[in-house]
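Student: Please take me through this structure label by label. I want the rule behind each word.

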Amino acid sequence: RAAYDRFGHAAFEQGGMNGGAQGFGAGGFADIFEDIFGDMMGGRQRRSSGGRERGADLRYNMEILLEEAFSGKTAQIRVPASMSCAECSGSGAKPGTQPVTCAMCNGHGKVRATQGFFSIERTCPQCQGRGQTIKDPCPKCAGQGRVTEERSLSVNIPAGIEDGTRIRLANEGEAGLRGGPSGDLYIFLAVKPHEFFQRDGADLYCQVPISMMTAALGGSFEVTTLDGSQTKVKVPEGTQNGRQFRLKGKGMP
């Protein structure tokens with residue numbers, strides 16, 4: 001990079017390696033090509049040692065009632081997801097055996113291809129970049145280290161939760177490959193529209209019809225709030241259509 005910044009394309013032409021560009025050898029070109037192709041392919045895939053990969057995050061959409069958002073609840077959900085294989089403990093290898101170091105890349109996960117002046121690193125085709133191969137795969141998971149099963153989870157929904165809230169359950173997503181860490185599960189909540197109340201933040205609104213006589217002479221009416229209680233509202237005489245009455249503390253928590 002330093003040579004390119006200083007000399008431009010001349011640094012890569014014959015004779016362009018003299019002077020200040022000394023020491024810019026094949027390793028530098030490998031880094032350049034790795035950066036270029038890594039960006040083109042959306043970044044380098046990160047794997048931990050031993051070929052372990054983090055599992056994918058999962059999304060679960062849940063719809064709840066406004067009453068449930070008001071009081072909160074504990075919901076039970078069933079999620080189909082990949083889980084660590086119990087037979088091989090997530091290693092992918094047949095019980096009694098272990099993955100072995102890849103003979104092609106010596107466990108590095110990459111191989112270097114050299115042609116003339118250029119040297120480029122690429123993902124090892126034999127181990128797909130994991131650095132290990134499995135000679136005797138687990139018969140239950142076919143060497144993947146995980147199996148797909150449906151599991152039951154408990155989700156705590158706090159009182160007063162808003163529409164569109166995302167709840168994260170750590171390590172409840174897809175199991176990682178070959179013993180890698182699990183991803184997370186994200187619960188996206190949608191509050192179902194209520195037939196009587198409309199919500200605006202922590203405030204609740206409703207429309208109550210009253211008779212012309214009550215509006216003109218005054219009176220009262222009762223409203224059933226979300227907590228199930230009955231609240232009496234006094235109507236002063238001469239009340240106009242569309243007037244709002246505020247019941248303090250009767251909105252969302």
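Tutor: Start with accessibility: buried means under 20% relative accessible area, exposed means over 50%, and partly exposed is in between (1.4 Å probe, protein chains only). The model is predicted, so local features need pLDDT of at least 70 and side-chain atom pairs pLDDT 80 or more, while totals for chains, interfaces and linings use all residues. Residues are numbered from 1 along each chain as its sequence is written, and side-chain values use heavy atoms, with hydrogens and water left out.

Student: Why is I210 called partly exposed?

Tutor: Its relative accessibility is 36%. I210 sits in the loop between β11 (203-205) and α4 (212-217). Helices (H or I, at least four residues) and strands (E, at least two) are DSSP runs, numbered from the N terminus.

Student: What makes the nonpolar surface patch that I210 belongs to?

Tutor: F196, V208 and I210 make it, at about 200 Å². The rule takes residues with over 30% relative accessible area and no salt bridge; nonpolar side chains (Val, Leu, Ile, Met, Phe, Trp, Tyr) are joined within 5 Å, like charges within 9 Å.

Student: How do you know whether T133 is buried or exposed?

Tutor: T133 has 18% relative accessibility. That is under 20%, so T133 is buried. It lies in strand β6 (residues 132-133).

Student: What does T133 contact, leaving aside neighbours within four places in sequence?

Tutor: P99, V100, C102, Q126 and C127. Contact means heavy atoms within 4.5 Å.

Student: Why is F197 called buried?

Tutor: F197 has a relative accessible area of 10%. The limit is 20%, so F197 is buried. It is placed in the loop between β9 and β10 (198-200). Beyond four places in sequence, its contacts include L66, L204, Y205, C206 and T224. The C-alpha atoms of F197 and Q207 are 8.1 Å apart, at a chain separation of 10 residues.

Student: And why is G180 called buried?

Tutor: Its value is 11%, so G180 also falls under 20%. G180 belongs to the loop between β8 and β9. It touches R52 and E53, with residues up to four places away not counted. G180 and E53 are 127 residues apart along the chain, yet their C-alpha atoms are separated by 4.8 Å.

Student: What makes the D184 and R54 pair a salt bridge?

Tutor: A salt bridge needs a side-chain nitrogen of Lys or Arg within 4 Å of a carboxyl oxygen of Asp or Glu. For D184 and R54, N to O is 3.5 Å, so the pair qualifies. D184 is in the loop between β8 and β9, and R54 in the loop between α2 (26-40) and β1, 130 residues apart. D184 counts as buried at 5%, whereas R54 counts as partly exposed at 46%.

Student: Which residues are linked in a network of salt bridges?

Tutor: R54, D57, R168 and D184.

Student: How many salt bridges does the rule count?

Tutor: Seven. Among them, K73 pairs with E68 at 3.1 Å between the closest N and O atoms. K73 is partly exposed at 29%, as is E68 at 22%. R112 and E121 also come to 3.1 Å. R112 is partly exposed at 45%, and E121 at 27%.

Student: What makes a nonpolar core here, and which residues have the most contacts inside the largest one?

Tutor: A core is a set of buried Ala, Val, Leu, Ile, Met, Phe, Trp, Tyr and Cys residues joined through side-chain atoms within 4.5 Å. The largest has 24 residues, with M62, I64, I77, I157, L185, I187 and L189 making the most contacts inside it. Elements that each supply at least two residues include β1 (58-64), β2 (73-84), β7 (146-157) and β9 (185-191).

Student: What does L185 touch, not counting residues up to four places away in sequence?

Tutor: Its contacts include L58, Y60, I77, V79, L153, I167 and L169.

Student: How many helices and strands does the chain have, and what share of its residues is buried?

Tutor: Four helices and 13 strands. Buried residues make up 33% of the 253.

How values were computed:
Accessible areas come from the Shrake-Rupley method with a 1.4 Å probe; for residues, only the protein chains shown count as cover.
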